[in-house]
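Here are my notes on the model, point by point. Please read them beside the sequence and the coordinates.

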Amino acid sequence: IFFRNMVLLLLLLLLDPLLSMAEGVSRLTLVRPFAPRDHAKLPASFDKWNTELPCDTGAVGTTVETDLILCYSQSLGKDSAASDSVQTILNAFAQSSDAWHSCFANVFAVSAELLPSQDAYITTSTTGGNTASGPNFQFIRIAENLRNGTWGRGAYDVFMVMEMDTRPVRSRWLDGMIEDLDANAPFVVYGSNYRGSRWDHFFATLAPSLRYHINGNALYNYTSPHFSTLLANVSAEAKLGHHEVAYDLLMAEYILEHRQVDWDLFELYKPAATFISNYVGMILVPNFVGDEYLIHGGQMGRELDPTDTSIALVVSDWGNQAELAGLLDALRTGYHPFREVIVFWPSPGSNASAEDIHVDGDKIGTFTLQYIQRGGAASMDWCNAQVQSDWVAYTNIYFSVRQPTRLVQSADGRPMVHYLSPQQCSQFPECQASRERASRFAGSFGGSAYEGHFDLHQMVFRSDTRTAFCAAWEDWYGSEDRGCDPILGPTADDYMAWLGSNGGVEEMYALYDRSVYDAPGFAVQRQAPPVDNRPCSLYTAVQRNDLLNNFTNCSLLVTEAECTAAGALDCVWRASVGSCYEHIDITPPLTVQVRGAGVCGQELVVGNAITKPVSVDIQVSDELDTDMQEAFTLLAADTRVVPVKFASRSTQGRVTVTGTGPLKTWRKTVAVSGCPSPAPVAAEVVAVDACGGSVRFSAPKLRVTNQIDKAVNVAVTVSAELDGAGAADAIALGAGESTVIPMKFVGDSASGHVTVAARPEAWTGEWWSTVVAVSQVDLRPLLFYTNMYYTDDEIFVTDQRAWQLRVAVSNRLRFTFPSAAAGLIPDGVVPALEADPDEPGFYRAKDTHAGHHVTVKKSLIPLLNNANMQVTISGDVNGVPATRCYAFTVRYQPERTACNFQLQLPNGGRGSSGATYDFSIAAAPADLGPVA
């Protein structure tokens, strides 16, 4: 009893952290780390807490007793400026002067005591000197001191790292965090992976750990033994001087590397928190934000209100109807601020009247669509458009409009536009050429180009300013012979150079470096334009291929319907910013392999990659047979083969495999291919014919038939037991055509197989193939024994043993007579014998019952002497159609009471040709008369 109680006590102690998490957190602390570079901003970082209160101040504190710890990376005792910033906050809290103070039980100030040499954080170096040693060492000190109980009040359940660039966007964010925490316990780390759109175009190329990692602003359950494992790894890397990667990314790398051996750790690492979203490097508007309470790293702007500021969109078209239709559909059905849409196109007579298009659903008003027949160069369309709106934007039919489109402006109402830095621009010849021409243009009026490159398809232009600029640019550009200019028409760089000469850039726009911040633009490039074949062109086939390589399957899908369609491969829609990105295929509890099935098409091999059972669900696209959709459970190390079945004549499809482990759900979509259904050809054994062949055994014939409505190429190969002469390297069969291929066996072989491969016209996948087993057929069941005897009036030829046949047999008796008697036989044939309508010159019994006899008049007996007779028996032998033939010669010697009867077999039994078998037959009983 003592031993049992001690075991139970030990189990309770070990499970206590998880049990307490399941029951809810009782003590929580928020840790705000800061460093010498940003301590001056610390007091102001809490201003937002007064407008977005952490808790419901009408209640007494929060539902969980919460402390706030201010952690300085170095020593507060040695930095008076940092100490003063901290003291400002402590004094205000002591006086409860701010509304947010009531949400916290205590505020503490601590020092991580890092050396200045350790406290470094460089992430923008281009020489490979990036380091995160400061954040890494500071996090280690935070975790160790909280775990040891030396900071704050000790014995917290969970701590939250909340840097100064993590800001609330809704009130009750602390209450919301605690509710989310309780709902998703247990965990070891709980936070947000990256949810912005900056990575969308190259998401699939990023390291798995970067795509999956939880940003360091997260909740940490340091009471979990798994957290000790993660902390030990971060500490080990720090001691080795490995600081190129920050601690949050180090954790993700460790978890992914060890997920096969420590699946529990992986499942307790949860990047799908709802209380916080990581939007590092994004410029956001309130509508981008969903249900989260906190955002990390994003800068907030205002959404341009089209009811206050009107915007026109100018579109260049070159007669590409499908592309134009797609762009206009996006405008008709999507959310955007454009009230005028003006399309320039080249077709004579295509100038349509203006029409109001209602934007369906939760959209803003209507926009006017106008078609204009182009009268000049397409590069001047955005200058030549006559608009009524205050602002103008431009794109062409190789782009579409993002859904939703939310144009961002600063707090004072200036449009926010991004630029590429000169360093980034130098990597692209077209970008360099654009900036160089803008510099020449600015120099013509004593100005200089702006330091950066602006994208024409992401700019908005003041309508009146655009008109003045275009006039000035045309005067300058037409003043001399430019020759072959690699840059066609006026650019956004030209515009900003002209605007800058009048001091209007900063007054009109809020600018930001795209390498630091980004906002979803209104135009999304979906196609690469044709190559520019001019001699000065900088957009050659090489550049076009580079552009195509930057496109990804998901990032080109601009609507939610496209992104979430069944045919979209592993794509996920991010509704807040209107972008489509690839699903994070990172942590599979399953392995999914597509392999050739050997018959038609492919099959999936699904395997359990972890040590716990996984529930597997399969969903298929419309091209596949719904019978494939089955749910099953895989135990550890189990595999299941799922054959791919096509529902129609489709040859391509997709299968989505979803695996649900103890705490996580994972999915993978794979493309599969196969041959059309039905199979392109049918291959079957159709006949076995012993006439002219051996008597005991005979080889089959194979019929191959085209079953589809297009031509099929067929190749036939045989196994070693068969003569290669039966193979066919290439047979072309038209729709419905067939061919018969005889099989020949080698030596004493009696069985083998034939592989029939087929490839329909225009089918580029693997050859369809099937294997057909063939064997020599034992014809002995088709027995035929003949007695010939006579009476005074007639001869009887009868099959007396047919009743012994083991299969259903259709007996056909065929007689061949000497030519001298051919004309006499019909006159002497009794009704039991009739001419064979299928084979002139042959006779057959009128019925085919066993035991039937054929009677010949005695007057014809002399003519039958030396007559050649043939009997053909047809039937099924074990399901295989077969035919056996017998030939023999009648020898008639009436003067004897006994005579010889000779049976001549076509090939002499088992191979000897033309042998004659002599039988000595005794006299028959008196009642039957002599037997021949």
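1. Two remarks on the source. This is a predicted model, in which local features need pLDDT of at least 70 and side-chain atom pairs count only at pLDDT 80 or more, while totals for chains, interfaces and linings use all residues. Residues are numbered from 1 along each chain as its sequence is written, and side-chain values use heavy atoms, with hydrogens and water left out.

2. The overall picture. The protein chain has 21 helices and 52 strands. Of its 932 residues, 49% count as buried. Buried means under 20% relative accessible area, exposed over 50%, and partly exposed in between (1.4 Å probe, protein chains only). The accessible surface comes to about 42,100 Å², and carbon and sulfur atoms hold 51% of it. Such areas come from the Shrake-Rupley method with a 1.4 Å probe; for residues, only the protein chains shown count as cover.

3. Contacts along the chain. Take the contacts with a separation of 6 or more: 70% of them join residues 24 or more positions apart. Contact means heavy atoms within 4.5 Å.

4. Back to helix α4, residues 133-148. Its 16 residues reach 22 Å from first C-alpha to last, close to the 22 Å expected at 1.5 Å a residue. The expected span is 1.5 Å times one less than the number of residues. The helix is mostly covered, with 12 of its 16 residues buried. Among them are Phe-137, Phe-139, Ile-140, Ile-142 and Leu-146. What do the buried residues of α4 pack against? The partners are strands β1 (27-34), β2 (65-72), β4 (158-161) and β7 (219-220), plus helices α7 (225-239) and α8 (247-257).

5. Helix α10, residues 321-333, has 13 residues and reaches 18 Å, close to the 18 Å expected. Its buried residues are Leu-324, Leu-327, Leu-328, Ala-330 and Leu-331. Seen down the axis, they fall within an arc of 155°, so they line one face of α10. The arc is that of the directions from the helix axis to the C-beta atoms. An α-helix has 3.6 residues a turn, so residues three or four places apart point the same way. The face of α10 turned away from the buried side carries the exposed residues Gln-321, Ala-322 and Thr-333.

6. A four-strand sheet. It is open, antiparallel, and ordered β38-β37-β40-β41. Strands pair if DSSP finds at least two bridges between them. β38 (728-733) and β41 (768-775) stand at the edges with a single partner strand each, so one side of each lacks a neighbour in the sheet. The twist averages 25° from one strand to the next. β40 (751-760) and β41 pair over 8 bridges. Ala-757 stands opposite Ser-769 in β41.

7. Val-716 lies in strand β37 (712-718). Is this residue buried or exposed? Val-716 is buried, at a relative accessible area of 0%. Its C-alpha is 9.9 Å from that of Val-771, which is 55 residues away along the chain.

8. A three-strand sheet. It is open, mixed in pairing, and ordered β5-β11-β9. β5 and β11 (294-296) run antiparallel, joined by 3 bridges. Pro-168 stands opposite Leu-294 in β11.

Note on methods: Helices (H or I, at least four residues) and strands (E, at least two) are DSSP runs, numbered from the N terminus. Axes are lines fitted to C-alpha atoms, for helices over the stretch in contact, and angles run from 0 to 180 degrees between N-to-C directions.
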